[in-house]
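Subject: Structure handover

Hello,

The structure is below for your files. My notes on the pockets and the aromatic residues follow it.

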Amino acid sequence: MRISTAQYYGTQASDYQRNFNKAVATASEASSLQRINTASDDPVGAGRLLQLGQQAALLDQYNGNINSAKNALTVQETTLDSITTALQSAKEISLAANNGTLTDKDRQAYASQLAQIQQQVLGLMNSKDADGNYLFAGSKTDTAPYSQNTDGTYTYNGDQTTINLGIGDGLTVGTNTTGWDAFQ
């Protein structure tokens, strides 16, 4: 088999061009610090990169959900602590009022303090978060969970639904305490 001079030079030119393209691609990889710049560089590797990108986005979402749940539960805990403090004050006032030497004026003063605490507790039970959602209304976050009736009793207007957020693959956590669970 004979190889002509033109054929020889053509083969050499294509080899030089191929090697030059490889050198340019390697230089591009080195300058960008990325081995895969397009899907044609490595189809399997590009697919894996897409999967890893999706997993990273999912982990970022889980992290955001964890922070949201932590913040929501911290606000609820603080509010419940305030309610506990108010009820402790009411207990102390009630014990102080349980004295046979008190006058009617003294009892009225104690009753006035208890009425203020009662309104304070109602306000705390109807607390909102930073987004304007009621803390203890279940999934009815735009409805005040408690209202006072004309006879002095209270009605729960929320529902018993816990709002869950995903914090991991197959893991969820409740981000709210319903008023029904907390106060009923």
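I83, L87, A90, L114, I117, Q118, V121, L122, M125, Y154 and F183 line the second largest pocket of this predicted model. A pocket here is an open set of points on a 1 Å grid over the protein atoms alone, where a 1.4 Å probe fits, with protein on both sides within 12 Å along at least five of seven lines; lining residues have an atom within 4 Å of a point. Two or more of the lining residues come from each of α2 and α3, and α3 gives the most, with six. Helices (H or I, at least four residues) and strands (E, at least two) are DSSP runs, numbered from the N terminus. By class the lining has 10 nonpolar residues, one polar and no charged. Ala, Val, Leu, Ile, Met, Phe, Trp, Tyr, Cys and Pro count as nonpolar, Asp, Glu, Lys and Arg as charged, and the others, Gly among them, as polar. The space in this pocket is about 160 Å³, a volume being the space filled by probe spheres set on the points, which are joined across faces, edges and corners.

The largest pocket holds about 370 Å³. It has 17 lining residues, of which A72, D129, D131, N133 and T175 are the closest to its centre. Helix α2 (residues 43–97) contributes the most to this lining, five residues. Seven of the lining residues are nonpolar, eight polar and two charged.

On the aromatic side, the whole structure has four pairs (ring centres within 6.5 Å, using the six-membered ring of Trp; planes under 30 degrees apart are stacked, over 60 edge-to-face, the rest tilted). Y146 and Y156 make a tilted pair, 5.2 Å between centres and 50 degrees between planes. This pair joins strand β1 (residues 146–148) to strand β2 (residues 154–156). Y146 also pairs edge-to-face with F183, at 5.9 Å and 70 degrees; F183 is in helix α4 (residues 179–183), 37 residues from Y146. Y146, at 4%, is buried. F136, Y146, Y156, W180 and F183 form one aromatic cluster.

As to confidence, the mean pLDDT (the predictor's confidence in each residue, from 0 to 100) is 88, and 99% of the residues score at least 70.

Residues are numbered from 1 along each chain as its sequence is written. Local features need pLDDT of at least 70 and side-chain atom pairs 80 or more, totals for chains, interfaces and linings use all residues, and side-chain values use heavy atoms, without hydrogens and water.

Regards

Definitions and conventions. Buried < 20%, exposed > 50% of the residue type's maximum accessible area, 1.4 Å probe, protein only.
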